[in-house]
Amino acid sequence: MIIATAGHVDHGKTHLLQALTGTNANRLPEEQKRGLIIGLGYVFMPYHSEQTQQREALRFIDVPGHEKFLCNMLAGVGTAHHAILIVAGDKGMKL
Ligand SMILES: Nc1nc2c(ncn2[C@@H]2O[C@H](COP(=O)(O)OP(=O)(O)O)[C@@H](O)[C@H]2O)c(=O)[nH]1
Ligand SMILES: [Mg+2]
């Protein structure tokens, strides 16, 4: 299963994925320097499936929230089965 993030820049998308998987999806040096994702980030969370009795993984695609990188965001969410809409509770919805 592939899950994409969605939400405005600086609302905690990458932070949430790091908490879930232990991996920083900001992998490029420029992304780490700026603290925001420009391309796409890929992280995963392994788990044991009771259904199949096998080791499986939830796969996440972290996408940019900045409007300048909208094309990259669309490329990321286009392949996902599900999305997590992440809104910072202290900032509210932003367009
Ligand atoms: N306002 C707010 N900031 C958060 C929250 N969770 C994480 N942050 C901080 O917001 C900053 C940006 O987080 P990041 O995950 O890079 O946001 P992204 O651009 O949506 O991926 C970091 O300094 C985080 O520590 C939250 O729930 N609310
Ligand atoms: Mg991010």
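Reader: Is Ile-86 buried or exposed?
Author: This is a predicted model, in which local features need pLDDT of at least 70 and side-chain atom pairs count only at pLDDT 80 or more, while totals for chains, interfaces and linings use all residues. Residues are numbered from 1 along each chain as its sequence is written, chains are lettered from A and ligands numbered from 1 in the order in which they are written, and side-chain values use heavy atoms, with hydrogens and water left out. Ile-86 sits in the segment after β4 (82–85); helices (H or I, at least four residues) and strands (E, at least two) are DSSP runs numbered from the N terminus. Buried means under 20% relative accessible area, exposed over 50% and partly exposed in between, with a 1.4 Å probe and protein chains only, so Ile-86, at 10%, is buried.

Reader: How far apart in space are the C-alpha atoms of Ile-86 and Thr-14?
Author: Ile-86 touches Thr-5, Ala-6, Gly-7, His-11, Gly-12, Lys-13 and Leu-16, not counting residues up to four places away in sequence; a contact means heavy atoms within 4.5 Å. Thr-14 is 72 residues from Ile-86 in sequence, and the C-alpha to C-alpha distance is 9.9 Å.

Reader: Which side chain makes a polar contact with the side chain of Thr-5?
Author: Thr-5 belongs to strand β1 (residues 2–6) and is buried, with a relative accessible area of 0%. Beyond four places in sequence, the contacts of Thr-5 include Lys-13, Leu-17, Val-77 and Ile-86. A polar contact is a pair of N or O atoms within 3.5 Å; within protein, one must be able to donate a hydrogen and the other to accept it, and residues adjacent in sequence count only if both atoms are side-chain atoms. At 2.8 Å, the side-chain partner of Thr-5 is Asp-62.

Reader: What is the pattern of the protein chain, read along the sequence?
Author: The protein chain has three helices and four strands. In sequence order they follow β-α-α-β-β-α-β.

Reader: What radius of gyration does the protein chain have?
Author: The C-alpha trace spans about 40 × 30 × 25 Å along its principal axes. The radius of gyration is taken over C-alpha atoms, and the globule rule is 2.2 Å times the number of residues to the power 0.38. For 95 residues a compact globule would have a value near 12 Å, which agrees with the radius of the protein chain, 14 Å.

Reader: What share of the residues of the protein chain counts as buried?
Author: The accessible surface of the protein chain is about 6,300 Å², of which 56% belongs to carbon and sulfur atoms; such areas come from the Shrake-Rupley method with a 1.4 Å probe, and for residues only the protein chains shown count as cover. Of the 95 residues, the buried share is 32%.

Reader: What is the phi of Asp-10, near which value?
Author: Asp-10 lies in the loop between β1 and α1 (13–21) and counts as exposed at 60% relative accessibility. Most residues other than glycine have a negative phi. Asp-10 has a positive one, near 70°.

Reader: Which residue has the backbone oxygen that the side chain of Thr-21 reaches at 2.8 Å?
Author: Thr-21 lies in helix α1 and is buried, with a relative accessible area of 18%. A polar atom of the Thr-21 side chain is 3.2 Å from the backbone nitrogen of Thr-23. The backbone oxygen reached at 2.8 Å belongs to Leu-17.
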